[in-house]
Amino acid sequence: RATLPAAFFLREYEADFAAFAGQCWPTFDPLRHVVHHDPDEFAEHILGVDFGYAPGHAQVFLVVGLNRAKQTYAVLEEVVAEERTIDWWIARCVELCKRYRLSRAWCDSARPGEIAMLRREVGRLRDEHNRKGGTERMQTPTFRDANKAVYDGVHYVASLFGSECLHIDPSCKLTIRQCLTYHWLPGPHSDWQERPAPVDNDCADALRYALWSEAAMSRVTGR
């Protein structure tokens with residue numbers, strides 16, 4: 001089991017016989033890419049946010065650590081749930097803000113109302129926390145619309161796995177699973193469309209939003 005490549009593992013142990021077909025991230029291998037990192041190894045943390053707009057889809061907050069000097073990235077924590085209120089997600093975001101140095105949250109733009117509420121309420125709770133004058137001041141991210149360019153984003157993440165620049169913490173079990181199963185939507189002529197299948201994809205989409213949005217921003221700003 002430990003010596004099998006990822007796709008073979010899915011086929012042999014998960015009875016997933018489509019594991020090889022149209023994989024978005026064939027460069028992902030749990031034996032190489034599932035690695036624990038301390039959050040303090042990274043000077044900056046960001047969030048990838050997917051709102052799970054359709055029935056059967058989860059909402060996701062994905063915390064990603066950035067080390068720009070070394071050009072390395074790591075998924076540090078996932079928060080995944082279905083059918084939760086926006087107040088529940090606001091509370092989860094505040095908890096993450098207390099544990100990580102979150103600078104930006106790259107959000108699925110399909111839910112502008114939720115983005116606006118996160119921006120307003122998380123900012124309000126930050127101000128209340130900091131006015132109390134404790135030793136730990138809370139930093140909150142700027143909430144931005146993600147760059148959702150599908151083809152460029154999918155291939156950028158694949159390149160990070162291929163160059164050993166991206167790791168995922170062992171605790172992020174759904175993210176690991178979806179990195180293995182994220183696949184292109186079948187086309188009408190035994191080919192593949194240039195968009196992932198809209199199933200079992202919430203964490204994978206959040207990861208794509210976070211990493212490609214950062215990369216696209218850096219190309220514009222020169223950061």
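**Reading the sheet, the helices and the core**

Me: This is a predicted model. Which strands does helix 3 lie across?

Reply: Helix 3 (residues 86–99) lies across strand 1 (44–50), strand 2, strand 3, strand 4 (102–107) and strand 5. Its direction is at about 150 degrees to strand 3. Helix 4 (residues 112–131) lies across strand 2, strand 4 and strand 5, at about 170 degrees to strand 5.

Me: What is the strand order in the open sheet?

Reply: The order of the six strands is 5-4-1-2-3-6, and the pairing is mixed. Strand 5 (142–145) and strand 6 are the edges; each has a single partner strand, so one side of each lacks a neighbour in the sheet. On average, neighbouring strands are turned by 25 degrees against each other, direction ignored.

Me: How do strand 3 and strand 6 pair?

Reply: They pair in the parallel sense, over three bridges. A74 faces H167 of strand 6.

Me: How do I read a helix such as helix 5?

Reply: Residues three or four places apart in an α-helix point the same way, because there are 3.6 residues a turn. In helix 5, the buried residues are G153, V154, Y156, V157, A158, L160 and F161. Just after helix 5, E164 has a positive phi of about 60 degrees.

Me: Which residues touch the most other members of the largest nonpolar core?

Reply: Nonpolar side chains tend to be buried together in soluble globular proteins. Here the largest nonpolar core has 38 residues, and W25, V64, L207 and L211 touch the most other members. Helix 7 gives the largest share, eleven residues. Leaving out residues up to four places away in sequence, L207 touches W25, L62, V64, V75, V157, L166 and C179.

Conventions
Residues are numbered from 1 along each chain as its sequence is written. This is a predicted model: local features need pLDDT of at least 70, side-chain atom pairs count only at pLDDT 80 or more; totals for chains, interfaces and linings use all residues. Side-chain values use heavy atoms; hydrogens and water are left out. Buried means under 20% relative accessible area, exposed over 50%, partly exposed in between (1.4 Å probe, protein chains only). Helices (H or I, at least four residues) and strands (E, at least two) are DSSP runs, numbered from the N terminus. A nonpolar core is a set of buried Ala, Val, Leu, Ile, Met, Phe, Trp, Tyr and Cys residues joined through side-chain atoms within 4.5 Å. Contact means heavy atoms within 4.5 Å. Two strands pair if DSSP finds at least two bridges between them. Axes are lines fitted to C-alpha atoms, for helices over the stretch in contact, and angles run from 0 to 180 degrees between N-to-C directions.
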